[in-house]
Amino acid sequence: MNKNSPLFLAIRRFRRHKLAIFSAGVLLTMILLVILAPLVEKWLGVGANDVDLYSRMVAPSAEHPLGTDELGRDVLIRLLYGGRVSLFTGLMAACFAASIGTVIGLFAGFFGGRLDATLMRLTDSVIALPLLPLLIVLVAIDLNKLGLPPAIVESEDVSFYRIVFIVAITGWTTVARLVRGATLSIKEREFVMAAQGVGASNLHIMFRHILPNLLSPIIVAVTLSVGGVILLESVLSFLGLGIQPPMASWGNMLTNAQQLIWEAPMLAVYPGLLIFVTVISFNFLGDGLQDAFDPKAEY
Amino acid sequence: MRRFLLIRGLQSLVVLVIMSFVIYALIGLMPGDPIDLMISANPNMTAADAAALRELYGLDLPIYERYWNWLTTALSGDLGYSRLFGQPVLDVLFPALKNTVILMGTAFTLAVCVAIPIGTFAASKPRSAVDYGVNLFAFAGISIPSFWLALMLIIVFSVFLGWLPAGGIASDGAGLFEQAKYLVLPVATIATLSIGSYSRYTRSSMLEVLRQDYIRTARAKGASRRRVVWKHALRNAMIPVVTILALDFGYLFSGALVTETIFSWPGMGKLIFDSVMGNDFNLALVALLFATALTLSANLLADICYAWLDPRIVIGGEKA
């Protein structure tokens, strides 16, 4: 690889960011572990939803490395399966939100004028709303009243898609602003004029010429937002509004932990610790990527 | 400036009106409706009775007509009764607002008083141990789930040490010390999160300012490093920070929904949560609108602060 290519320089700057490297390692380990969850399940010989009321809230043992919860389910396996749900929700919702933001930002920045003003007012308005209280209402609505077919409303995964959808329609604003700002300056560059000169359509210019130049800030923004999304999912699930049991998520594993806090305080510790470690790793990683791609930003 | 204020004020008002319709429609989409609740209380009601009641209360009308009816009644001062509390909505709302102001006001003040000095200090000694410490704390603050921090504080201070109550609020007439005991844990939870984000903003804004020429000039003229940081730089570095603070100020009134719920603190956040969960349509609607209106006002305030603090900013072609 050329030693002066921007990518090479970015990689070199990123490698200096020890905390970010470490965080990337933590996240990869975490992802590997949750992928291997079925193996652990086989090894221990109990399923994630296997209830055993004779061994409720037992202390860690060889059979249950982290003990069991109030229904006698194995905590370790539920943590692993919960991690699948939490990580997947976070990544998917962050990507969806970024896609919406990218399209809105591109259109606003590229076409300017009325469209830009309208879209940016919309963005400002969404930012100015008290998000969490409104999200509570949004997750509480009855899908039957929206006229969705019962097959969807009653399916097991509906709580998962609902969260992804809700995060996506509220979380796009940061990326939209970022993309709009960058599009405004890039659209004045010579290669865009050249493309216009040879008769490329607006859509072609936006998505084939401008978008690739925005990838690195978008990647940084997505990485930084994954943490926020995981936090949001965990809060909603904790309140009983997100991922619905028996499907485990790190958030809903804490729902009952508060009532049991006097009897089994450790049940409240593990899921939250995993959320914390995951979110802080994504934030460190995003910070490192930001320094690597945009060396002007800090120091 | 006046023109700018007028335009932004009108914009906020339009957003508020749109949001009142959106919230009204969303509340209508929540499971059940008032008639269902009446039916569940009275087993003798037939389907025909229910339909008659729906017609009587205008629930069979299209959504925009129902909204219009609600809006005109609400503007005439009748916000309805809360189902959960059996009281007029405002009588429930104001005590909650008071509790939220106490909780959030304390947490906000504490956070600002801690975050700005430590953020500034970290920026004045970049790459020092203090800087890394502050940075780490800031990252922890923005990454920790609020409800988990609350649970951990309860485990340590209520379960193991038994020093502080795990939730609730002191009864009326209790001494100041007794009241304060209930405040400590929720305030600590909220302040930790805020200190994380505020100190990060302060630090990066300060770093930005310290790179500028006038700082070098001040140093060259012999002003001490400390004087330059705290006198010359801080004022300019505060401009973006104050905007962030003003923005956050709006969220203070919608309360810390999660923290209030965990600690059973009877504020706005818990009120909104309970009313949504308890099918208290009137209360949920008004509480949400109230929170929205206050947040929008805080946004307006943030814009004004920004323009007022930084005379270099030009708005809409004229100098602010």
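Select chain A to begin: twelve helices and zero strands are what you will find there. Keep in mind during the tour that this is a predicted model. Follow chain A from the N terminus and the elements read α-α-α-α-α-α-α-α-α-α-α-α. Chain A has 299 residues, and 40% of them count as buried. Now think about its contacts between residues at least 6 apart in sequence: 69% of these join residues at least 24 apart.

**Stop 1: two helices of chain A**

Stay in chain A and select helix α6 (residues 131-140) together with helix α8 (residues 158-170). Their axes lie 11 Å apart, and the angle between the two helices is about 140 degrees. That angle is why α6(A) counts as oblique to α8(A). Turn the view and look at the crossing of α6(A) and α8(A), which is right-handed. Which residues make this contact? From α6(A) come A:L131, A:L135, A:L138 and A:V139, while α8(A) brings A:R162, A:I166 and A:T170. Coloured by class, the residues of this contact between α6(A) and α8(A) would show five nonpolar, one polar and one charged.

**Stop 2: chain B as a whole**

Next, select chain B. Its secondary structure consists of 13 helices and two strands. Along the principal axes, the C-alpha atoms of chain B fill a box of roughly 85 × 60 × 35 Å. Chain B has 320 residues, of which 38% count as buried. Among its contacts between residues at least 6 apart in sequence, 71% join residues at least 24 apart.

**Stop 3: two helices of chain B**

Pick out α7 of chain B and helix α8 (residues 176-210) of chain B. Here the packing angle is about 140 degrees, and the axes are 10 Å apart. Because of that angle, α7(B) is oblique to α8(B). The crossing that α7(B) makes with α8(B) is right-handed. To see the contact, show B:S146, B:L149, B:A150, B:L153, B:I154 and B:F157 on α7(B), then B:L185, B:A188, B:T189, B:T192 and B:L193 on α8(B). The residues where α7(B) meets α8(B) comprise eight nonpolar, three polar and no charged.

**Stop 4: a serine in a loop**

Move to the loop between α11 and α12 of chain B and select B:S264. B:S264 is not a glycine, yet its phi is positive, at about 45 degrees.

**Stop 5: where the chains touch**

**Last stop: the largest nonpolar core**

Finally, look at the largest nonpolar core, which has 150 residues. Select A:V167, B:F147, B:I272, B:A284, B:A287 and B:L288, the members that touch the most other members. Helix α4 (residues 75-111) of chain A provides the largest share of this core, 17 residues. Now zoom in on A:V167. Beyond neighbours within four places in sequence, A:V167 is in contact with A:A93, A:A97, A:V229 and A:L232.

Key. Residues are numbered from 1 along each chain as its sequence is written. Chains are lettered from A and ligands numbered from 1 in the order in which they are written. This is a predicted model: local features need pLDDT of at least 70, side-chain atom pairs count only at pLDDT 80 or more; totals for chains, interfaces and linings use all residues. Helices (H or I, at least four residues) and strands (E, at least two) are DSSP runs, numbered from the N terminus. A residue is buried if 20 or more other C-beta atoms lie within 10 Å of its own, exposed if 12 or fewer, and partly exposed in between; C-beta atoms are placed from the backbone. Two residues are in contact if their C-beta atoms, placed from the backbone, lie within 7 Å. A nonpolar core is a set of buried Ala, Val, Leu, Ile, Met, Phe, Trp, Tyr and Cys residues joined through C-beta atoms within 7 Å. Axes are lines fitted to C-alpha atoms, for helices over the stretch in contact, and angles run from 0 to 180 degrees between N-to-C directions. Angles under 35 degrees count as roughly parallel, over 145 as roughly antiparallel, 65 to 115 as roughly perpendicular and the rest as oblique. A crossing is left-handed if the near helix is turned anticlockwise from the far one by less than a right angle, and right-handed if clockwise. Ala, Val, Leu, Ile, Met, Phe, Trp, Tyr, Cys and Pro count as nonpolar, Asp, Glu, Lys and Arg as charged, and the others, Gly among them, as polar.
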